[in-house]
Amino acid sequence: AQFWLRGDHPEQPVKFDPATGLWNVYGYPEAHQILSDPKTFSSDTQRLLPEKVAKNFEAFSEGNLVNMDPPEHGHLRKLVSHAFTPKVVADLEPRIAELAGELLDGVGDRMEMVTDLAYPLPVIVIAELLGVPASDRGLFREWVDAMLNNNVQFTLTDTDEMEKQTAVAVEQVGKLTEYLREHAAERRRKPREDLLTKLVEAEVEGSRLSENQVVNFANVLLIAGHITTTALLGNTVLCLDTNPEQYAKVRADRSLVPAAIEESLRYFSPFALVSRATTEEVELGGQTVPADQLMMLWLAAANRDPRQFTDPDTYDVTRPANPQIAFGRGIHFCLGAPLARLEGRVALNLLLDRFPHLRSDPDDGPTFVPSPSMTAVRRLPLLLT
Ligand code: HEM
């Protein structure tokens with residue numbers, strides 16, 4: 001049960017859970033404090049995991065931007081940040097619109113939102129940017145789905161269980177890593193105009209990235225570049241379908257499309273959870289958190305904090321301000337945010353253009369990804385006429 005979907009807001013924004021040995025953070029100001037202070041709240045959380053669990057992740061940590069701290073984080077992020085600036089991303093709009101159009105050409109009077117549009121669109125876009133064949137997307141989906149289906153419960157107390165579960169996830173991500181390793185080796189022999197070649201050729205402080213760094217960095221881009229955006233596209237259609245008044249407003253006034261995307265990010269935050277490790281004792285939400293604690297920061301809950309958002313459990317595309325933090329904030333702020341927003345805008349506009357009567361199938365309701373760290377529609381059958 002995911003409480004942020006039920007809308008009961010915990011009394012305490014910061015809570016230690018003795019059953020798991022983890023600190024849960026649910027509040028918006030507290031999330032803000034954590035994300036703004038990478039020195040006290042380090043992204044290198046693996047050092048606090050039980051050794052046998054950390055061992056499972058070892059192979060993926062080198063070059064993994066998400067788990068790095070300054071200054072290494074900044075060096076690596078700089079290598080690809082130019083590929084995701086709002087200007088560069090804006091130039092991708094015609095290609096994204098073309099792809100979305102082609103995908104929708106293939107549907108009849110009904111479609112399944114995730115399989116027909118929300119999955120293929122972002123995965124093709126990120127595969128083309130990286131330079132790996134988009135036609136292999138069936139493979140990516142198989143591996144990544146197996147990872148998402150594997151409902152990892154984070155705990156520092158039942159280490160056997162966590163080891164078992166992370167081992168499955170790691171095995172699946174490992175397949176993607178090996179796939180990318182072959183492509184990276186190919187780029188070393190034969191450079192091309194793509195992000196993978198850029199990573200292979202990049203230099204940080206005078207030396208090339210290691211093979212593991214290239215592969216893990218590409219892996220983060222490939223995975224982060226699509227699962228969350230797939231979730232955003234599916235969640236947005238579900239939010240509009242279940243809030244007919246809001247749906248009518250957006251249909252009548254397309255200038256509300258970007259606001260609908262922002263509100264969907266707030267209401268169903270795809271990347272529900274990020275984690276941090278305290279490096280020293282710190283005051284947070286009226287509590288003293290010791291050094292070396294693992295903090296589970298529920299972005300999805302912070303985005304429903306009544307101290308920050310009026311009527312947080314109401315989906316409202318006309319909120320006067322919406323400082324949602326579904327993309328995080330600070331130095332790790334999502335690199336792909338401009339791309340995800342663009343894909344969301346293009347896809348929603350095109351759906352509304354082509355299928356003004358689109359609605360969910362009353363006889364075949366949506367299902368969700370079981371992983372607690374994701375808020376994501378897995379399957380959403382739609383009637384189009
Ligand atoms: C980081 C969410 C789409 C690439 C993040 C973080 C969040 C996030 C919350 C911060 C993690 C942290 O602070 O620990 C999302 C959501 C998306 C989305 C909700 C879609 C709706 C994308 C796309 C790409 C991407 C399309 C790639 C092209 C990344 C990368 C990072 C990141 C590389 C790591 C940045 C860093 O550590 O400096 N994302 N993301 N994301 N995201 Fe996204």
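# Burial, contacts and the ligand shell

Q: Which residues of helix α14 (residues 244-252) are buried?
A: Gln 246, Tyr 247 and Val 250 are the buried residues of α14.

Q: How do you know that the buried residues of α14 line one face of the helix?
A: Look down the axis of α14: the buried residues fall within an arc of 100 degrees, so they line one face. The arc is that of the directions from the helix axis to the C-beta atoms. The face turned away from this buried side carries exposed residues: Pro 244, Glu 245, Ala 248 and Ala 252. The buried residues pack against α13 and α15 (257-267).

Q: What makes a residue buried or exposed?
A: A buried residue has 20 or more other C-beta atoms within 10 Å of its own, an exposed one 12 or fewer, and a partly exposed one a count in between, with C-beta atoms placed from the backbone. The model is predicted: local features need pLDDT of at least 70, side-chain atom pairs count only at pLDDT 80 or more, and totals for chains, interfaces and linings use all residues. Residues are numbered from 1 along each chain as its sequence is written.

Q: Why does Val 200 count as buried?
A: Val 200 has 23 C-beta neighbours inside 10 Å, which puts it in the buried class. Val 200 is also in helix α11. Leaving aside neighbours within four places in sequence, Val 200 is in contact (C-beta atoms, placed from the backbone, within 7 Å) with Ala 184, Arg 187, Arg 188 and Val 214. The C-alpha atoms of Val 200 and Ala 184 are 6.9 Å apart, although 16 residues separate them along the chain.

Q: Why does Asp 105 count as exposed?
A: Asp 105 has 8 C-beta neighbours inside 10 Å, so it falls in the exposed class. Asp 105 belongs to helix α6 (residues 93-105). Its C-alpha atom lies 39 Å from that of Phe 309, 204 residues apart along the chain.

Q: How do you know that the length of helix α9 (residues 137-149) agrees with what it should span?
A: At 1.5 Å a residue, the 13 residues of α9 should span 18 Å, and the end C-alpha atoms are 18 Å apart, so the two agree. The expected span is 1.5 Å times one less than the number of residues.

Q: Which residues of α9 are buried, and why are they said to line one face?
A: Phe 140, Val 144, Met 147 and Leu 148 are buried in α9. Seen down the axis of α9, these fall within an arc of 95 degrees, so they line one face. They pack against α8 (120-130), α10 (159-189), α12 and α13.

Q: What makes the largest nonpolar core a core?
A: A nonpolar core is a set of buried Ala, Val, Leu, Ile, Met, Phe, Trp, Tyr and Cys residues joined through C-beta atoms within 7 Å. The largest such set has 103 residues, and Val 25, Leu 121, Leu 130, Ala 218, Trp 298 and Leu 299 have the most contacts inside it. Apart from this core lies another, of five residues, including Leu 48, Leu 49, Val 53 and Met 162.

Q: Which residues does Leu 130 touch?
A: Beyond residues up to four places away in sequence, Leu 130 touches Asp 194, Leu 195, Leu 196, Ala 218, Leu 221 and Leu 222.

Q: What makes up the shell around the ligand?
A: The shell has 18 nonpolar, seven polar and one charged residues. Here Ala, Val, Leu, Ile, Met, Phe, Trp, Tyr, Cys and Pro count as nonpolar, Asp, Glu, Lys and Arg as charged, and the others, Gly among them, as polar. Of the 26 residues around the ligand (C-beta atom, placed from the backbone, within 6 Å), Gly 225, Thr 228, Gly 328, Cys 334 and Gly 336 come nearest. The elements giving two or more residues to the shell are α12 (211-224), α13 (227-242) and α17 (337-354).

Q: What is the phi of Glu 205, and why is Glu 205 called exposed?
A: Glu 205 is not a glycine, yet its phi is positive, about 50 degrees. Most residues other than glycine have a negative phi. Glu 205 has 7 other C-beta atoms within 10 Å, so it is exposed. It lies in the loop between β5 (203-204) and β6 (207-208).

Q: Where is Asp 292 found, and why is it called partly exposed?
A: Asp 292 is in the loop between β9 (287-289) and β10 (294-298). With 13 other C-beta atoms within 10 Å, Asp 292 is partly exposed. Its phi is also positive, about 60 degrees, although Asp 292 is not a glycine.

Q: What makes the peptide bond from Pro 70 to Pro 71 cis?
A: Its omega is near 0 degrees. Pro 71 lies in the loop between α3 (51-61) and α4 (72-81).

Note on methods
Helix = DSSP H or I, 4+ residues; strand = E, 2+ residues; numbered from the N terminus. Contact = placed C-beta atoms within 7 Å.
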